[in-house]
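Subject: Structure for your review

Dear colleague,

Please find below the structure that I promised to hand over to you. I would be grateful if you could read the notes under it with the structure open beside them.

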There are 2 protein chains.
Amino acid sequence: MPRHYEDTETRRRQVAEAALRTIAEDGVARFTSRAVAGRVGISDGTLFRHFGSKEEIVLEAMRLLEQEIEAGMVDSGDPMEDLEQFFHHRAAFVGEEGSVGRLIFSDELIHLAGDEGRQVVEGWRRRSVGFLIDRLQRLHAEGQLRQDLDVPAMSMLVQGALLTFAMQASLGRAGSREDVRRRVVHAWRTLMKVLTP
Amino acid sequence: MPRHYEDTETRRRQVAEAALRTIAEDGVARFTSRAVAGRVGISDGTLFRHFGSKEEIVLEAMRLLEQEIEAGMVDSGDPMEDLEQFFHHRAAFVGEEGSVGRLIFSDELIHLAGDEGRQVVEGWRRRSVGFLIDRLQRLHAEGQLRQDLDVPAMSMLVQGALLTFAMQASLGRAGSREDVRRRVVHAWRTLMKVLTP
DNA sequence: CTCCATAAAGCGAGTGCTTGCTTGCAAGCT
DNA sequence: AGCTTGCAAGCAAGCACTCGCTTTATGGAG
């Protein structure tokens, strides 16, 4: 059988994607270098020709996720629209992509990714919370949100709602894409009812 | 040096507690039979005299948690009081006991606990959600909760708030016991403001 | 167009380490 | 004496990772 050849750049992307799929579908316990290599269709020996360590693979996979995470944080000028955009994007993302929830929740994986991985995840958290607080603050100051609630409390409600989606995806009980989207819309309506005067 | 002898019953309890402490303090990745044995002060060989497998250890540890989980679900006759009790108890529990969050979030651990472990965790979830829905339903019917919100949506808000505590504990950023308790009280006040007319 | 040297990518056996678990025997309790 | 509990060494399996060698792509010289 003839071998199939690809250059390092292509392989690195394929491996990072395969790593995310493996984590999402098989779980962290079965996330081994052999499994990832098998998914790409190369031997585990070849895998380590393109990556120096398993830690590097996790970091590359994180970089793939990072783009998606950043994409959810836009600045349209209207804080309310930003917030809605953020909530929908993030909820759909963590609700559909099972690997995200596992990555964030699994100290196992973060431990695997080393100090650098820990910093990456911590960075995501800080940026996301910062974004949330900022938009809520502005809306609160404009009087568009209930004045008897403080901003951190409202932030907790929004984060909590997002966590329920991550949790469901992590437990594999997310349902179809359409189903997730419907629940996201409903959750957002509920939050609006609850946060606005 | 003289050996210290304990009967199986005592050792099983000690081991289960040590397992929870190990998961909470060292993380799932370092939760090995040797580490647990070392914490108890016995060799890993002795550990397997009292337990048939690591899976059994996890199940025994789960049984320890189960008592605490059940303790949070009382029936005082007043649904609102039940709900408040439940929220405070559960939030303080998952917020202070880091192992709970890790246990619930880690598919690694659940995978380790086998089918029986998966059923145990699924049972917790079902019972907890059932409890929540039941009390909310009754309060909603009595008109004590906002009629423009549906019960599942309110349940999501409560669960979400609880998840934020589990998440913080799992990430090791819980803070002191007093600190957690203060935030729990604040979260409950926020929920009440938001759910009642 | 052919030939061949070189580099890149692939393979799979092998290495050392850790893990869950076993076993042979010693040490204490009853 | 016998039963339980303990230890330390050891085992097979699985892991991340290495290495020697093979196979393919490339590209310039003849």
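This is a predicted model: local features need pLDDT of at least 70, side-chain atom pairs count only at pLDDT 80 or more; totals for chains, interfaces and linings use all residues.

Chain A

Chain A contains ten helices and zero strands. Its pattern along the sequence is accordingly written α-α-α-α-α-α-α-α-α-α. Along the principal axes, the C-alpha atoms of chain A fill a box of roughly 70 × 30 × 30 Å. The chain has 197 residues, and 49% of them are buried. Among the contacts in chain A with a separation of 6 or more, 67% are between residues 24 or more positions apart.

Where the two chains meet

On the side of chain B, 34 residues are in contact with 34 residues of chain A. About 3,100 Å² is buried between chain B and chain A, and carbon and sulfur atoms give 65% of this area. The residues of chain B that lose the most area to chain A are B:Phe105, B:Asp107 and B:Met156, together 17% of what that side buries.

One helix pair between the chains can be described in detail. Which residues meet in α10(A) and α9(B)? From α10(A) there are A:His186, A:Ala187, A:Thr190, A:Leu191 and A:Val194, and from α9(B) there are B:Ala153, B:Met156 and B:Leu157. Sorted by class, this contact has six nonpolar, two polar and no charged residues.

The nonpolar core

In soluble globular proteins, nonpolar side chains tend to be buried together. In this model, the largest nonpolar core has 126 residues. The residues with the most contacts inside this core are A:Phe87, A:Leu157, B:Phe87, B:Leu157 and B:Leu195. With its neighbours within four places in sequence left aside, B:Leu157 is in contact with A:Leu157, A:Thr190, A:Leu191 and A:Val194 in chain A, and with B:Leu191, B:Val194 and B:Leu195 in chain B.

Is A:Arg90 buried or exposed? A:Arg90 lies in helix α5 of chain A (residues 79–96). Its relative accessible area is 14%, so A:Arg90 is buried, the cut-off being under 20%. Not counting residues up to four places away in sequence, A:Arg90 touches A:Ile69, A:Met73, A:Ser128 and A:Leu162. From C-alpha to C-alpha, A:Arg90 and A:Glu70 are 9.8 Å apart in space, and 20 residues apart in sequence.

B:Glu96 is found in helix α5 of chain B (residues 79–96). B:Glu96 has a relative accessible area of 28% and is therefore partly exposed. B:Val129 is 33 residues apart from B:Glu96 in sequence, with 21 Å between their C-alpha atoms.

A:Gln14 belongs to helix α1 of chain A (residues 8–26). A:Gln14 is also partly exposed, because its relative accessible area is 27%. The C-alpha atoms of A:Gln14 and A:Asp148 are separated by 50 Å, and these residues are 134 residues apart along the chain.

Yours sincerely,
A colleague

Note on methods: Residues are numbered from 1 along each chain as its sequence is written. Chains are lettered from A and ligands numbered from 1 in the order in which they are written. Side-chain values use heavy atoms; hydrogens and water are left out. A nonpolar core is a set of buried Ala, Val, Leu, Ile, Met, Phe, Trp, Tyr and Cys residues joined through side-chain atoms within 4.5 Å. Buried means under 20% relative accessible area, exposed over 50%, partly exposed in between (1.4 Å probe, protein chains only). Contact means heavy atoms within 4.5 Å. Helices (H or I, at least four residues) and strands (E, at least two) are DSSP runs, numbered from the N terminus. Ala, Val, Leu, Ile, Met, Phe, Trp, Tyr, Cys and Pro count as nonpolar, Asp, Glu, Lys and Arg as charged, and the others, Gly among them, as polar. Buried area is the accessible area (1.4 Å probe) that two parts lose on being put together, summed over both.
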